[in-house]
Amino acid sequence: MKAAVINHYGGREQLEVIDMPIPKIKSDEVLVENMATSINPIDYKAREGLLKRMFPWQFPVILGWDIAGIVASTGDDVTSFKVGDPVFARPDIDTKGVNGSYAEYTAVKADKLALKPNNISFVEAAAVPLAGLTALQMLRKLQLSSNQKILIQAGAGGVGIYAIQLAKMIGAYVVTTASQNNHEFVKSLGADSVIDYHKNNIQDVLSDFDTVLDTVGDVDNGIAILKSGGHLVTISNALTDQQKNTSDKTVTEGWLNPNGQDLAILASYIAKGELQIVVDSLYPLTTEGIQSAHERSETHHARGKVVVQIKE
Ligand SMILES: NC(=O)c1ccc[n+]([C@@H]2O[C@H](COP(=O)([O-])OP(=O)(O)OC[C@H]3O[C@@H](n4cnc5c(N)ncnc54)[C@H](OP(=O)(O)O)[C@@H]3O)[C@@H](O)[C@H]2O)c1
């Protein structure tokens with residue numbers, strides 16, 4: 001099968017499309033024929049070697065952790081999906097580095113899958129799992145409730161677009177940060193107010209927040225705008241002991257826990273037209289295409305998700 005791999009850690013030029021064996025599935029896995037995948041910041045961090053202590057991968061390594069495709073075969077113990085089902089998933093990151101999604105086929109544990117809603121394309125579906133699950137689970141971790149005030153950093157980013165919409169569904173008052181050219185866009189997703197982070201430090205203009213979803217590592221400023229008893233979750237920074245022990249406030253790191261049940265919740269919102277998907281740009285699964293997709297993501301200014309189409 002065609003797959004985009006790296007043979008060394010390093011820059012975008014390490015990515016190349018080669019022929020790789022189709023993964024073999026275990027009894028609790030499903031083989032998905034991928035139609036599309038999307039880029040997340042973890043992809044270029046992994047490409048540079050950030051995960052090498054956690055995962056002792058052997059090259060060539062297939063990156064990518066967003067799946068949208070069709071079930072090609074199922075393991076003996078799989079009863080929840082059948083051949084031909086349209087599905088999407090954020091698969092586990094495997095220890096061998098062969099189960100990434102920049103490939104024509106990926107083996108995915110069945111409990112990570114959900115049925116793709118019929119009203120969206122595979123390209124749109126690939127833009128959902130990792131970022132959408134993160135947004136859903138972090139708002140849950142923050143115990144966000146109606147009428148609370150939340151700051152969602154980077155509202156135009158992959159996680160931000162979903163977090164704004166999900167927080168509005170809960171009934172919260174949503175403030176977000178974005179460059180000026182994205183202010184109308186994030187308001188169209190439901191943001192009540194937008195801060196241009198190039199012009200204002202959030203601490204100078206915001207106060208008395210119940211919750212902060214930090215996606216940019218602006219932790220000290222986020223803590224400063226919390227009211228007593230408030231809660232900040234960061235998904236993009238390791239916290240210092242001092243930050244973790246902030247008196248009167250809860251300050252925690254958040255990690256996505258991929259699972260098909262939460263993805264099915266997102267799928268139900270999408271099917272009802274309540275959750276909008278935003279595709280920033282689309283690239284083919286070629287060496288040039290995957291390198292350009294990483295380049296776009298690494299600008300840190302994608303509006304929504306960078307998607308890679310694997311099959312028409
Ligand atoms: N812990 C976890 O489980 C987990 C899961 C998912 C993601 N993450 C991490 O969360 C972070 C965000 O992920 P993502 O997918 O949302 O990234 P992304 O899509 O690459 O974010 C791009 C957005 O960031 C905005 N941005 C850039 N610098 C900013 C700043 N200083 N302040 C406010 N906004 C800024 C840009 O908005 P403008 O163009 O408007 O400036 C752009 O729209 C990454 O570090 C990622 O690795 C962690």
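Trainee: In which strand does Thr 211 lie, and is Thr 211 buried or exposed?

Mentor: This is a predicted model, in which local features need pLDDT of at least 70 and side-chain atom pairs count only at pLDDT 80 or more, while totals for chains, interfaces and linings use all residues. Residues are numbered from 1 along each chain as its sequence is written, and side-chain values use heavy atoms, with hydrogens and water left out. Helices (H or I, at least four residues) and strands (E, at least two) are DSSP runs, numbered from the N terminus. Thr 211 belongs to strand β12. Buried means under 20% relative accessible area, exposed over 50%, and partly exposed in between (1.4 Å probe, protein chains only). Thr 211 has a relative accessibility of 2% and therefore counts as buried.

Trainee: Which residues does Thr 211 touch?

Mentor: Contact means heavy atoms within 4.5 Å. Leaving out residues up to four places away in sequence, Thr 211 touches Leu 142, Leu 144, Gln 148, Lys 149, Ile 150, Leu 151, Leu 226 and His 231.

Trainee: Where are antiparallel pairs found, and how many bridges join β3 to β7?

Mentor: Strand β3 (residues 29–39) runs antiparallel to β7, with 5 bridges between them, and Leu 31 has Ala 107 as its bridge partner in β7. Strand β3 is also antiparallel to strand β5 (residues 67–74), through 6 bridges; there Val 30 is partnered by Thr 74. In turn, β5 pairs with strand β6 (residues 86–89) in the antiparallel sense over 4 bridges, and Ile 70 stands opposite Pro 86 in β6.

Trainee: Why is strand β7 described as largely enclosed by the rest of the structure?

Mentor: Strand β7 (residues 105–109) is so described because 4 of its 5 residues are buried.

Trainee: How is helix packing read, and at what angle do α3 and α9 pack?

Mentor: Axes are lines fitted to C-alpha atoms, for helices over the stretch in contact, and angles run from 0 to 180 degrees between N-to-C directions. Angles under 35 degrees count as roughly parallel, over 145 as roughly antiparallel, 65 to 115 as roughly perpendicular and the rest as oblique. Helix α9 (residues 260–271) packs against α3 at about 100°, with the axes 10 Å apart; the two helices are therefore roughly perpendicular. Contributors from α3 include Leu 133 and Leu 136, and those from α9 include Ile 265 and Leu 266.

Trainee: Where does Ile 277 lie?

Mentor: Ile 277 is in the loop between α9 and β15 (279–284). With a relative accessible area of 14%, Ile 277 is buried. Among its contacts beyond four places in sequence are Ile 120, Tyr 162 and Ile 270.

Note on methods:
Pairing = 2+ DSSP bridges.
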